[in-house]
Amino acid sequence: MATPFFTVKDVPAQDFIHAYAEYLKKNNKIKIPEWGSIVKTGLGKEISPIDQDWMYVRAAALARKIYVRGHWGVGNLTHMFGSVNDNGKHESGSGKVIRYLLQQLEAIKVLKKDSKSLLKKGSRIVTKEGQQDLNRIATQVALAARK
């Protein structure tokens with residue numbers, strides 16, 4: 001009997017992001033910079049996140065978002081990972097953090113810049129190797145949820 005196969009779209013986002021963040025941390029795929037413990041995640045925030053592994057979680061969320069709908073740039077991602085302050089004004093997310101994590105995901109060959117797209121040149125897409133890795137993690141999450 002063939003082994004079941006699942007994609008990132010088949011599993012709940014929260015479960016996938018948690019599992020992929022654990023994978024990135026356990027295998028030392030992403031290097032956390034010195035400024036990672038003091039940087040804010042956006043303009044609307046006052047302090048840095050309390051969770052020590054927040055960069056792994058953010059990298060997993062970025063990889064999932066680009067997998068589900070490719071051709072994201074830093075500007076769009078800062079808007080998506082931004083927040084709303086008390087008076088309803090939208091505050092952008094940290095561009096430096098997003099740019100750094102995209103570069104780290106490119107270094108481990110999960111993402112790459114798209115040079116072929118006419119409208120969104122330089123936007124990020126998932127590589128074949130990255131798609132295989134993400135689908136493997138998604139399959140593990142789905143099989144664990146079935147048990």
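## Helices and how they pack

The expected span here is 1.5 Å times one less than the number of residues in the helix. The model is a predicted one, where local features need pLDDT of at least 70 and side-chain atom pairs count only at pLDDT 80 or more, while totals for chains, interfaces and linings use all residues. Residues are numbered from 1 along each chain as its sequence is written, and side-chain values use heavy atoms, with hydrogens and water left out.

A word on names: helices (H or I, at least four residues) and strands (E, at least two) are DSSP runs, numbered from the N terminus.

Let's stay with α2 for a moment. How many of its 15 residues are buried? The answer is 11, so α2 is mostly covered, where buried means under 20% relative accessible area, exposed means over 50%, and partly exposed lies in between (1.4 Å probe, protein chains only). Among the buried residues are Trp54, Tyr56, Ala60 and Tyr67. Their cover includes the helices α1, α3 (74–80), α4 and α5, along with the strands β3 (111–113) and β4 (124–126).

Helix α4 passes the length check too: its 13 residues should span 18 Å, and its end C-alpha atoms are 18 Å apart, which agrees. In α4, the buried residues are Gly95, Val97, Ile98, Tyr100, Leu101, Leu102, Gln104 and Leu105. The elements that cover them include α1, α2, α3, β3 and β4.

Now for two pairs of helices that pack together. Axes are lines fitted to C-alpha atoms, for helices over the stretch in contact, and angles run from 0 to 180 degrees between N-to-C directions.

| Helix pair | Axis separation | Angle |
|---|---|---|
| α2 (residues 54–68) and α4 (residues 95–107) | within 10 Å | roughly 75° |
| α1 (residues 13–26) and α5 (residues 128–146) | 10 Å | about 120° |

Contact means heavy atoms within 4.5 Å. Ala, Val, Leu, Ile, Met, Phe, Trp, Tyr, Cys and Pro count as nonpolar, Asp, Glu, Lys and Arg as charged, and the others, Gly among them, as polar.

For the second pair, Asp15, Phe16, Ala19, Tyr20 and Tyr23 of α1 meet Leu134, Arg136, Ile137, Ala138 and Val141 of α5. Here the classes are 8 nonpolar, no polar and 2 charged.

A few single residues deserve a look. Gln104 lies in helix α4 and is buried, with a relative accessible area of 16%. Leaving aside neighbours within four places in sequence, Gln104 is in contact with Lys29, Ile30 and Lys31.

What is the phi of Asn28? The value is near 50°, positive in a residue other than glycine. Asn28 is found in the loop between α1 and α2 and counts as exposed at 62% relative accessibility. Lys109, in the loop between α4 and β3, has a positive phi near 65°. Lys109 is exposed, with a relative accessible area of 52%.
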